[in-house]
Amino acid sequence: MLKLDDKITVLKGVGEKRSQQYAKLGVNTVHDLLYHFPRSYIDYSEPVPIAETVLNENNVISGIITVKKAPAHIRKGLVIYKAIITDDSGDATITIYNSDYMFDKLSRGGEYVFYGKVTGDFLKREITSPMILSAKIEDKIQPIYPLTEGLTQPMMRLTMKNALTVLNSDIYEPVPKKHLTENSLASLSYALENIHFPKDMNELILAKDRLIFDELLILQLGMSMIKGRAKIETGCSMKAVSLQDFNKILPFEMTNAQQNAISDCLGDMQKPNAMNRLIQGDVGSGKTVIAAACAYFAYKNGFQTALMVPTEILANQHYNTLSQFLEPLGVKVCLLTGSLTAKEKASVKAELVDGEYTVAVGTHALIQSTTIFKNLGLVVTDEQHRFGVEQRALLSGKGLNPHRLVMSATPIPRTLALMIYGDLDISVVNELPKGRKKIETYAVTGKLRERAFGFVKDRLREGRQAYIVCSMIEDNDMDLQAVESYSKQISENQFKEFQVGLLHGKMQASDKEEIMLKFKNHEIDLLVSTTVVEVGVDVPNAVVMLIENADRFGLSQMHQLRGRVGRGKHQSYCILVTDNVTEESRKRLKILSSTSDGFKISEEDLKLRGPGDFFGQRQHGLPKLKIADMAVNMDALSIAQKTAAKILDYDYD
Ligand code: ADP
Ligand code: MG
């Protein structure tokens with residue numbers, strides 16, 4: 001009797017040599033083979049009348065062979081066989097090169113189904129080297145498999161049929177029946193049978209649904225287990241203390257979402273296990289204050305906090321914000337970045353070891369081996385997707401399993417967040433502080449560029465400031481030159497009465513800092529920049545964000561850029577300029593102008609571009625999936641999540 005973990009050599013027709021070819025596809029056992037899913041299917045079940053076939057595309061036709069012509073020997077090694085197939089609507093010429101075997105299979109008067117590219121014109125149709133099926137064949141939907149050299153589709157199909165007989169003797173059903181019924185899912189053996197040889201498209205859909213579910217369920221169960229394992233005891237247990245004086249010192253009232261996130265964090269930090277929490281918030285939702293509150297809580301419990309950010313500009317800004325909130329309460333805050341002098345670094349580090357500084361804000365400099373904390377109790381990383389897991393771990397290693405808080409300014413759909421940050425608990429800050437005005441957003445073509453510039457000039461004359469962001473692939477010199485000459489051009493022409501600054505990723509950190517500072521102090525009116533300005537920079541007087549080549553950016557990325565304006569009391573604007581208008585780009589830009597909800601935008605972005613693209617060039621850390629598609633199967637994902645939770649609860653009872 002056939003078993004799932006039998007080597008495939010037990011299958012008829014699979015010898016040593018074949019099994020090596022299968023091994024290249026990752027197929028070693030019967031089980032592997034069953035999970036070698038077709039990459040597509042040819043549906044022979046609904047042939048097209050010959051007269052209605054779509055020219056220059058693959059069509060399925062069905063009819064009777066009415067004529068078989070004598071083979072034409074064109075030259076040595078080239079024989080052309082022709083036959084004519086007829087159906088109720090008309091006829092077509094079948095052309096086969098060199099294969100007398102194929103040709104001989106066709107008998108005059110016999111009924112066949114053909115699949116292939118149809119050429120010709122509306123009077124004459126021709127189909128060359130088609131796939132040929134007898135009309136009586138059972139599999140009207142044929143699977144097409146990924147192959148490797150030496151294997152063919154018919155061979156694979158035959159072996160697959162053989163392998164599927166295992167379903168009679170050795171099939172298991174890992175998912176409890178009630179979960180299947182609850183979600184209208186087919187049994188596993190039905191799914192495996194029909195993913196390969198469905199009788200119709202409905203069967204195929206049922207099969208796919210079940211296999212997608214399995215894949216996502218396994219992932220979810222795995223995630224939940226990682227999460228369980230991550231819950232290890234902290235050496236930094238904290239107790240409840242009042243944050244009243246902190247709240248009092250704030251120049252504003254916190255939003256409910258901020259308060260909830262803070263209480264999630266404080267709750268976590270009082271537990272015996274280390275906190276592992278992600279704060280997901282839209283741009284401008286006020287995540288920094290949340291970090292400050294947590295740092296203050298840690299301080300009152302006698303612990304240090306490290307806040308790591310990806311850029312120097314951001315480190316400076318956070319340093320300023322945290323000092324402003326915390327220094328009046330007696331908390332000493334320091335800044336540790338690469339651009340400090342060796343002497344400055346040494347002195348900051350010495351005071352961190354002594355415990356003189358309670359809060360350290362910095363870049364990667366924080367994770368250098370020479371940076372040592374006296375009693376690090378809380379580690380915060382901002383703009384998470386720029387840091388790898390290892391970097392987070394390195395920073396955490398500087399304390400006794402300290403509490404960890406991750407802040408992400410890229411709102412992503414919750415389901416996807418659970419997938420990427422499976423080891424983290426999540427708080428969502430989906431509320432903007434009161435009184436924020438909606439940023440008016442317009443998409444225009446390059447033809448209106450001058451008018452857009454005119455609009456920007458009007459705002460600058462009113463004393464406001466503006467950004468122009470150009471897309472640039474950071475290491476591409478051509479792009480860099482383009483941005484530099486763009487900046488030079490507009491500063492000498494359209495904007496010659498204003499101070500124009502240029503900021504790009506290839507500049508020295510100190511130069512960037514200087515430009516940003518000048519912009520902050522309003523010594524620069526218009527800042528031309530690449531996406532380095534993307535993360536977290538706060539200049540309330542800036543009211544226009546003009547994005548050049550908007551079609552080159554992801555929606556979420558543009559939403560973040562847009563978040564750079566609208567931070568003060570003035571009405572703000574975002575202008576998306578694109579010379580390359582397609583149906584798709586129009587659709588994308590429309591989403592941006594119609595909503596300011598970062599979570600909604602990210603969902604659309606995901607749908608339009610898929611998860612691979614979602615974080616641009618950056619590593620997204622998503623697991624490889626065989627059959628499920630994260631963008632399309634969002635519903636299945638949430639069903640799998642719910643079921644995983646139920647299964648785990650059930651097991652723990
Ligand atoms: P982000 O979530 O994008 O990191 P920030 O923490 O930089 O947002 O906050 C953006 C701006 O909003 C800052 O100037 C901050 O002081 C301000 N802010 C934060 N919370 C509130 C609030 N509850 N009410 C008013 N302003 C707030
Ligand atoms: Mg921020």
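A residue counts as near a molecule if one of its heavy atoms lies within 4 Å of that molecule. Keep that in mind as we look at this predicted model, starting with its ligand.

**Around ligand 1**

Which residues come nearest to ligand 1? Of the 16 residues around the ligand, they are Glu253, Gly284, Lys287, Thr288 and Arg436. The shell as a whole divides into four nonpolar, six polar and six charged residues. As for its location, ligand 1 takes up the space of the second largest pocket.

How much of ligand 1 does the protein cover? On its own, the ligand has 560 Å² of accessible area, and the protein covers 83% of that.

**A hairpin to find**

Now turn to strands β3 and β4. Strand β3 spans residues 72-75 and strand β4 spans residues 78-87. The two pair in the antiparallel sense, over three bridges. To see one such link, look at His73, whose bridge partner in β4 is Val79.

What lies between the strands of this hairpin? There are two residues there, and in this hairpin Gly77 takes a positive phi near 85 degrees.

Notes. Residues are numbered from 1 along each chain as its sequence is written. Chains are lettered from A and ligands numbered from 1 in the order in which they are written. This is a predicted model: local features need pLDDT of at least 70, side-chain atom pairs count only at pLDDT 80 or more; totals for chains, interfaces and linings use all residues. Side-chain values use heavy atoms; hydrogens and water are left out. Accessible areas come from the Shrake-Rupley method with a 1.4 Å probe; for residues, only the protein chains shown count as cover. On a 1 Å grid over the protein atoms alone, a cavity is a set of points where a 1.4 Å probe fits but cannot get out, and a pocket is an open set with protein on both sides within 12 Å along at least five of seven lines; lining residues have an atom within 4 Å of a point. A molecule sits in a cavity or pocket if more than half of its atoms lie within 2 Å of its grid points. Ala, Val, Leu, Ile, Met, Phe, Trp, Tyr, Cys and Pro count as nonpolar, Asp, Glu, Lys and Arg as charged, and the others, Gly among them, as polar. Two strands pair if DSSP finds at least two bridges between them. Helices (H or I, at least four residues) and strands (E, at least two) are DSSP runs, numbered from the N terminus.
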